Amino acid sequence: GRPSFEYAFLRDFLKSQSSIDLVSFVILRNPEDTPNVNENELSLIPFPVNEIFLRDIRHFDVFLLQDFDLRRFLPDPNYIQSLSDFVKKGGGLAVIGGPSAFGAGGYAGLGPLSELLPVETAGRPDYDPNYSAQAVPTQHPAAGGAGRRADAAFWRGAPPLRGANLFGPLKPGARA
């Protein structure tokens, strides 16, 4: 996705884990941006979509898509099918929402990817910037340790999280 606090926090956390080799790509330049100079004069390279989703996908363990608009950056159905095959063969997929993800990112219309998600997604934007929730982590590998319960006082005093993607019902077999 694009730079954000969530991206920076997650990247720092993953880089701090000695067992994780992290490769990250941040969208700083959109496909429709016209720089008015030769491509070879730019330090910002185009998103290497062919290399990531077709050639090198088998070298990864997990894909994290953070506030990622799939329609803009993965227009070729082969990319989505390749990601779907990767997950069906045991690869991991974590999708972190935001204003450009899920409904706004066209996930509902991308059959193979939509099938991997545990919820029904809308065919329209589904991000509500005014939604508010309080975070209290429970035990989960992604939360680290025992969900950081030792810091319970911190979580009680933490400000609410603002903004959320609002989904349709859970799919059969999925758990909230």
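Isoleucine 52 is buried, with a relative accessible area of 7%; here buried means under 20% relative accessible area, exposed over 50%, and partly exposed in between (1.4 Å probe, protein chains only). This residue has its place in helix α2; helices (H or I, at least four residues) and strands (E, at least two) are DSSP runs, numbered from the N terminus. Apart from neighbours within four places in sequence, isoleucine 52 is in contact with Phe25, Phe47, Ile57, Phe60 and Phe63, where contact means heavy atoms within 4.5 Å. Its C-alpha atom is separated by 9.7 Å from that of leucine 83, 31 residues apart along the chain.

The model is predicted: local features need pLDDT of at least 70, side-chain atom pairs count only at pLDDT 80 or more, and totals for chains, interfaces and linings use all residues. Residues are numbered from 1 along each chain as its sequence is written, and side-chain values use heavy atoms, with hydrogens and water left out.

The chain contains 6 helices and 4 strands. Read from the N terminus, the order of the elements is α-α-β-α-α-β-α-β-α-β. Of the 176 residues in the chain, 30% are buried. Among contacts with a separation of 6 or more, 65% are between residues 24 or more positions apart. The chain exposes about 11600 Å², of which carbon and sulfur atoms supply 54%; accessible areas come from the Shrake-Rupley method with a 1.4 Å probe, and for residues only the protein chains shown count as cover.

Rolling a probe the size of a water molecule over the atoms shows where empty space is left. The second largest pocket has a volume of about 790 Å³. A pocket is defined on a 1 Å grid over the protein atoms alone, as an open set of points where a 1.4 Å probe fits, with protein on both sides within 12 Å along at least five of seven lines; lining residues have an atom within 4 Å of a point. Grid points are joined across faces, edges and corners, and the volume is the space filled by probe spheres set on the points. The lining of the second largest pocket has 24 residues, and Leu22, Val23, Val62, Phe63 and Leu64 lie nearest its centre. Two or more lining residues come from each of the elements α1 (5-15), α2 (49-55) and β1 (62-66). The most is given by β1, with 5 residues. By type, the lining of this pocket divides into 16 nonpolar, 5 polar and 3 charged residues; Ala, Val, Leu, Ile, Met, Phe, Trp, Tyr, Cys and Pro count as nonpolar, Asp, Glu, Lys and Arg as charged, and the others, Gly among them, as polar.

Side chains of opposite charge can pair when their charged atoms come close. The structure holds 2 salt bridges, a salt bridge being a side-chain nitrogen of Lys or Arg within 4 Å of a carboxyl oxygen of Asp or Glu. In one, the side chains of arginine 55 and aspartate 56 meet at 3.0 Å, N to O. Arginine 55 is exposed at 52% relative accessible area, whereas aspartate 56 is partly exposed at 21%. The side chains of lysine 88 and glutamate 115 also form a salt bridge, at 3.8 Å, N to O. Lysine 88 belongs to helix α4 (residues 77-88) and glutamate 115 to helix α5 (residues 111-116), so this pair ties together parts that are 27 residues apart in sequence. Lysine 88 is exposed, with a relative accessible area of 54%, and glutamate 115 is exposed at 55%.

Helix α5 also holds serine 114, which is buried at 13% relative accessible area. Beyond four places in sequence, serine 114 is in contact with Tyr107, Ala108, Thr121 and Lys171.

The loop between β2 (92-96) and α5 contains glycine 105, a buried residue with a relative accessible area of 0%. Not counting residues up to four places away in sequence, glycine 105 touches Asp69, Leu70, Arg71, Ser100 and Leu110. Glycine 105 and aspartate 126, 21 residues apart in sequence, lie 9.7 Å apart in space, C-alpha to C-alpha. Phenylalanine 102 lies in the loop between β2 and α5 and has a positive phi of about 50 degrees although it is not a glycine. Phenylalanine 102 is buried, at 6%. A positive phi, near 50 degrees, is also found for aspartate 67, placed in the loop between β1 and α3 (70-73). Aspartate 67 is buried, with a relative accessible area of 9%.
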